[in-house]
Amino acid sequence: MRKKELKLVITFHTTADAMAMEQYCRGQNLPGRLIPVPKEITASCGLAWCAPPEYKDYYKTKMHEAHLQAEGAYVCMV
């Protein structure tokens, strides 16, 4: 089992949005991975993008540039 760490968790409205985020981030070599939405967070889609918390503003800018829309962004223990 992984040790819980403070992470940025970005949620999405749909699974397609989450998968588009994964494809974009892989293509740009951005850190992170898809995870199930933590039970502490409510989201429309069951998947979320997890990344280091210091990237919060960076991801916001990159998602805007790529026309990707998040449902929410949280910094929490995952």
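This is a predicted model: local features need pLDDT of at least 70, side-chain atom pairs count only at pLDDT 80 or more; totals for chains, interfaces and linings use all residues.

Four strands make up an open sheet, with antiparallel pairing and the order β2-β3-β1-β4. Select next β2 (33–36) and β4 (72–77): these strands stand at the edges, and each has a single partner strand, so one side of each lacks a neighbour in the sheet. With the whole sheet in view, note that neighbouring strands are turned against each other by 35° on average, direction ignored.

Proceed to β1, residues 6–11, and display it together with β4. Six bridges join β1 and β4 in the antiparallel sense. Which residue of β4 is the bridge partner of T11? Selecting G72 shows the partner in question.

The helices follow. Select residues 15–27, which form helix α1; this helix lies across β1, β2 and β3 (47–51), and runs at about 30° to β3. Then select residues 56–65, helix α2, which packs on the sheet and touches β1, β3 and β4. The direction of α2 makes about 20° with that of β1.

For the last stop, turn to the surface and show the side chains of L6, V75 and M77. These residues form a nonpolar surface patch, and their accessible area together is about 260 Å². Within this group, M77 has its place in strand β4. Why does M77 count as partly exposed? Its relative accessibility is 46%, and the partly exposed class lies between the buried limit of under 20% and the exposed limit of over 50%.

Definitions and conventions
Residues are numbered from 1 along each chain as its sequence is written. Side-chain values use heavy atoms; hydrogens and water are left out. Two strands pair if DSSP finds at least two bridges between them. Helices (H or I, at least four residues) and strands (E, at least two) are DSSP runs, numbered from the N terminus. Axes are lines fitted to C-alpha atoms, for helices over the stretch in contact, and angles run from 0 to 180 degrees between N-to-C directions. Contact means heavy atoms within 4.5 Å. Patches are made of residues with over 30% relative accessible area and no salt bridge: like charges are joined within 9 Å, nonpolar side chains (Val, Leu, Ile, Met, Phe, Trp, Tyr) within 5 Å. Accessible areas come from the Shrake-Rupley method with a 1.4 Å probe; for residues, only the protein chains shown count as cover. A salt bridge is a side-chain nitrogen of Lys or Arg within 4 Å of a carboxyl oxygen of Asp or Glu. Buried means under 20% relative accessible area, exposed over 50%, partly exposed in between (1.4 Å probe, protein chains only).
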